[in-house]
Amino acid sequence: MNIEVRNFTKIIRKGTVLEDINLDFESGYIYGLTGQNGSGKTMLLRAIAGLIRPTSGEVIVDGLMLHKDISFPPNMGILIEKPTFMNYLTGYENLKFLAEIRNIVSYEKIEKYMQMFGLDPHSKKPVKKYSLGMKQKLGIIQAIMEDQQILILDEAFNALDESSVSTLRKLLQQYKNEGKLIILTSHNKEDIEVMCDYNYHISNGKILS
Amino acid sequence: MKIVTKNIKVKMILALIVLTIMIISLYKLNHQHNVLTVLRGLYGGVQLRTISEKMGLVLFIVLLQSLNVDFILYCLNNTDYLSIRFDSKESVVRYLYKKILYLNFMFVCLSGISALFVSYLSNSSFVGIDFIEIIEIILRGFLTCLIISNLQIYFLIITTEANTFFLLIILTIVLSFSSHNIYIFSILPKPLRGIDLFLNLLVCIALLVLFSIYTKTAFIKKELY
């Protein structure tokens, strides 16, 4: 898979949040985005995911233009900002609900992922009683559980305990070896340096390096 | 679907209890044992003279709001995640509407069942009661609920949960005072016949379609700046 971002500019209420971005992403690599808060990292991820329309420029996925030929990149998993869960349901029920939309993942696989991240799929605890870290784990699982070929993960390592950070790192390496395209952001430089093949620094909506 | 209705079941039971209490109160307030008047009164379809009657309509709309709110907020707050899975925002709106349609239908059916149940318990005579008219009232009540639910979705898109709650309460209070005077333009199921009923249905359906288009547009535009 190949994603090309061409001359992408996004202006919101007279403010330029992304300016003339040109980037290429290919399967089999992990790409990292670094930058301060408000630098435009999340906005760029949203642009790649097809969640915002460009003021000018384009995003092309395998030759197909977003918002023209396709709405979203196919077979993509995202964790951009926190997903909302139904508070009265358990973590497992929430994941099951999301999985039933596409209906391509087995319940056993959801259970397996939950166990990998130290969550009990049979727990009766509703999500409203989950800690921040547990909700983050659910967010990660929903992004990867359907064997998505493109993974866009914004601050995925936030609020995770050590063992989950290690699990996620191993999984991402495995996905890279399987030929998946992974783009992630992190405040932690180590995450980016250890994990990523390419690292782009973004500041004031512009790619600096 | 089963998962979504898990929480709804509890809310439906609570709604049933509150509706039954409201219907019993309406029976006592109206001093009559006519299931048709009581049902119309519940949906605000009779002239609401006293403050208690007006409060009944307000309570009905509050109940409706509370039944809808969880699922609407889930879809609004999770638009990105749902859109990607459904492949388009339009599909998410359709999914939301499907669920709201189902919830509202269940809600009006519950109100109908409790009205019939209360009239049976209060030894009301069912002789001479036009069951077609009961169905007419319930279906028009359903139309009213759908219009209000549409407004609720729209307000939740453009403003906060608290503001939505108060905006709909204000709207209901205005309706409870003015609805009897605006006749065929009322969204509440007033007792109308013939051409007036037909025109009122047309007005309600037109409003519903208009609000749906407006809400759908607002939903799709919401994140795409």
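Let me start with helix 5 of chain A, residues 162-177, which lies across strand 3 (30-34), strand 7 and strand 8 (181-185) of chain A. This helix runs at about 145 degrees to strand 8 of chain A. Axes are lines fitted to C-alpha atoms, for helices over the stretch in contact, and angles run from 0 to 180 degrees between N-to-C directions. Helices (H or I, at least four residues) and strands (E, at least two) are DSSP runs, numbered from the N terminus.

This is a predicted model, in which local features need pLDDT of at least 70 and side-chain atom pairs count only at pLDDT 80 or more, while totals for chains, interfaces and linings use all residues. Residues are numbered from 1 along each chain as its sequence is written, and chains are lettered from A and ligands numbered from 1 in the order in which they are written.

Now the sheets of chain A. Strands of a sheet pair through backbone hydrogen bonds, either parallel or antiparallel. Here two strands pair if DSSP finds at least two bridges between them.

One open sheet has six strands in the order 6-7-8-3-9-10, with mixed pairing. Its edge strands are strand 6 (76-79) and strand 10 (206-207) of chain A, and each pairs on one side only. Strand 6 of chain A runs parallel to strand 7 (residues 150-154) of chain A, with four bridges between them. A:L79 has A:L153 in strand 7 of chain A as its bridge partner.

The other sheet I will show is also open, with four strands of chain A in the order 2-1-4-5 and antiparallel pairing. Strand 2 (15-26) and strand 5 (64-65) of chain A each have a single partner strand, so one side of each is left without a neighbour in the sheet. Strand 4 (residues 56-61) of chain A is joined to strand 5 of chain A by two bridges, and A:I60 stands opposite A:M65 in strand 5 of chain A.

Next, domains. Chain A is assigned domain 1 (1-74 + 179-209) and domain 2 (76-148); such bounds come from an automatic or database domain assignment. Their C-alpha centres lie 25 Å apart. How many residues of domain 1 of chain A are in contact with domain 2 of chain A? Seven, and they meet four residues of domain 2 of chain A. Contact means that the C-beta atoms of two residues, placed from the backbone, lie within 7 Å.

On to chain B, where I look at helix 2. Two packed helices are described by the angle between their axes and the distance between the axes. Helix 2 (residues 35-42) of chain B packs against helix 6 (residues 131-158) of chain B at an angle of about 5 degrees, with the axes 10 Å apart. These two helices are therefore roughly parallel to each other; angles under 35 degrees count as roughly parallel, over 145 as roughly antiparallel, 65 to 115 as roughly perpendicular and the rest as oblique. B:L36, B:L39 and B:R40 in helix 2 of chain B meet B:E133, B:I134 and B:I137 in helix 6 of chain B.

Helix 2 of chain B also crosses helix 5 (residues 89-121) of chain B at roughly 145 degrees, and the axes come within 10 Å. Among the residues that meet here are B:V35 and B:L39 from helix 2 of chain B, and B:A115 and B:L116 from helix 5 of chain B.

Last, the two chains together: the contact takes 21 residues from chain A and 16 residues from chain B. On the chain B side, helix 4 of chain B gives the largest share, five residues.
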